Amino acid sequence: MLAKLADAPFDDPDWLYEIKWDGYRAIAELDGRNTRFYSRKGISFDEAYPELFAALRKIRKRMVLDGEVVAFDEHGMPGFQQLQQYRQHKDTPLAYYVFDLLYLDGESVKDKPLLERKELLRSLLPDNELIRYCDHITGSGIDFFKVLREKGLEGMIVKRADSAYREGTRNSTWLKVKHVLTDEAVIAGYTEPRGGRGYFGALVLGAYEHGRLTYIGHTGTGFTNKTLKEMFTLLQPLVTDVNPFGKKVRVNMPVTWVRPELVCRLKYTEITEDGSRRHPVFMGLREDKLPRQVHTEAPVAAEAAPVVTQKNEPMTQKTTSGRRVRITSPDKVYWPEEGYTKGDMIDYYNAVYKYIIPHLKGRPQSLKRNPDGIEGKGFYHKDA
């Protein structure tokens with residue numbers, strides 16, 4: 001479940017306020033030796049963060065948890081750049097902050113109210129420095145945000161206390177309010193360097209809007225000579241003659257295009273009227289996020305937040321074999337080139353299922369997940 005961007009903090013007793021951790025989102029499936037720990041892209045974190053994985057395996061409960069891997073600097077403050085440098089500095093302190101419980105003993109608890117899920121989670125998690133319960137406050141969002149801003153933290157996550165967990169959706173029952181404006185961007189190319197600079201001048205950036213990559217600016221700041229070289233080396237296998245935007249964009253130097261497969265993190269001052277990030281600064285790559293998960297995003301008005309309920313979640317219902325089935329996000333584009341959506345796919349299978357079921361019923365199937373769409377990398381989900 002994802003959070004929408006809100007434009008300001010607010011007070012409301014029906015909402016919970018959490019710290020927005022500047023780390024990697026991670027799912028943990030706890031089942032002893034069969035424990036799994038992975039990113040939103042489905043990439044295993046078992047070997048990337050062995051201390052956290054070992055601590056998770058020791059928990060003697062069958063649960064599925066949602067949380068964030070966080071790294072700390074020498075002052076004990078969370079920082080994305082510390083997480084980026086963890087492979088080179090294995091002594092960096094880490095923690096897995098858990099903020100939600102999705103399954104317990106094989107049963108889904110996603111429809112229970114958030115506050116009830118968190119109370120249950122608090123009672124089940126061990127008390128140690130590696131696996132930490134993500135606490136919250138209620139009601140006083142404005143004062144809480146002031147404290148976070150004074151401490152230099154990125155912002156806060158705001159959630160309705162009675163909200164259910166809606167996997168894969170971004171609706172108005174979860175909001176994020178940022179002090180430091182940060183965002184993800186897809187790397188679409190790089191410009192030629194000028195003066196004495198080596199490797200490249202700036203990264204050309206995009207985000208997806210209605211299934212198509214849209215230009216959101218370019219950044220040449222935030223790099224050292226070392227990171228310039230590392231980024232240039234990573235981009236070379238992706239070089240292409242194809243402009244991923246499909247049209248000319250305004251940059252001040254010739255561009256070398258790359259396949260849009262890498263996602264980076266930015267901080268910036270504002271979003272301009274044409275959707276560009278103003279004064280963007282490169283902060284590092286996001287290995288936990290797929291390019292198709294990077295969307296243009298406008299803040300929702302915070303004062304409207306308390307009256308938005310889960311009924312606003314984009315969904316519809318279909319009838320199949322006499323059953324009413326609830327469908328979320330039917331307008332999500334699955335095949336960008338042809339323009340077919342999730343709803344189109346469901347309508348197709350609803351029409352032909354009677355012909356294919358005799359060939360599939362009772363037979364084991366392989367499940368291949370394509371969270372980045374058919375053009376992105378997929379992975380097989382064993383024993384789904």
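1. A word on burial to begin: a residue is called buried under 20% relative accessible area, exposed over 50%, and partly exposed in between, using a 1.4 Å probe and protein chains only. Cys 264 is buried because its relative accessibility is 0%. Cys 134 is buried too, with a relative accessibility of 1%. Taking a disulfide as a pair of cysteine sulfur atoms within 2.5 Å, a search of the whole structure finds zero of them.

2. Some background before you read on. This is a predicted model, in which local features need pLDDT of at least 70 and side-chain atom pairs count only at pLDDT 80 or more, while totals for chains, interfaces and linings use all residues. Residues are numbered from 1 along each chain as its sequence is written, and side-chain values use heavy atoms, with hydrogens and water left out.

3. Now the overall build. The protein chain has six helices and 26 strands; here helices (H or I, at least four residues) and strands (E, at least two) are DSSP runs, numbered from the N terminus. The C-alpha trace spans about 65 × 55 × 45 Å along its principal axes.

4. The inside and the surface come next. Of the 384 residues in the protein chain, 44% are buried. A contact means heavy atoms within 4.5 Å; among the contacts with a separation of 6 or more, 65% are between residues 24 or more positions apart. The accessible surface of the chain comes to about 21000 Å², and 49% of this belongs to carbon and sulfur atoms. Such areas come from the Shrake-Rupley method with a 1.4 Å probe, and for residues only the protein chains shown count as cover.

5. For charges, Lys and Arg count as positive and Asp and Glu as negative, with His and the chain ends not counted. Each charge is placed at NZ of Lys, CZ of Arg, CG of Asp or CD of Glu. The protein chain has 59 positive and 53 negative charges, and their mean positions are 4 Å apart.

6. Is Met 231 buried or exposed? Met 231 counts as buried because its relative accessibility is 4%. Not counting residues up to four places away in sequence, Met 231 touches Ile 187, Phe 200, Leu 203, Phe 282 and Leu 285. Leu 285 is 54 residues from Met 231 along the chain, and their C-alpha atoms are separated by 9.2 Å.

7. Most residues other than glycine have a negative phi. Asp 105 has a positive phi, near 55 degrees, and sits in the loop between β6 (94-104) and β7 (107-108). Tyr 199, also not a glycine, has a positive phi of about 75 degrees; this tyrosine is in the loop between β12 (182-191) and β13 (203-209). Asp 105 is partly exposed, with a relative accessible area of 47%, and Tyr 199 is partly exposed at 38%.

8. Tyr 340 belongs to strand β24, residues 340-341, and is partly exposed because its relative accessibility is 47%. Leaving aside neighbours within four places in sequence, Tyr 340 is in contact with Val 333, Tyr 334 and Trp 335. How far from Tyr 340 is Lys 58, C-alpha to C-alpha? The two C-alpha atoms are separated by 45 Å, and the residues are 282 apart along the chain. Pro 358 is 18 residues from Tyr 340 in sequence and 26 Å away in space, C-alpha to C-alpha. Pro 358 lies in helix α6, residues 342-360, and counts as exposed at 61% relative accessibility.

9. Which residues does Tyr 380 contact, leaving aside its neighbours within four places in sequence? They are Ser 366, Leu 367 and Lys 368. Lys 151 is 229 residues from Tyr 380 in sequence and 42 Å apart from it in space, C-alpha to C-alpha.
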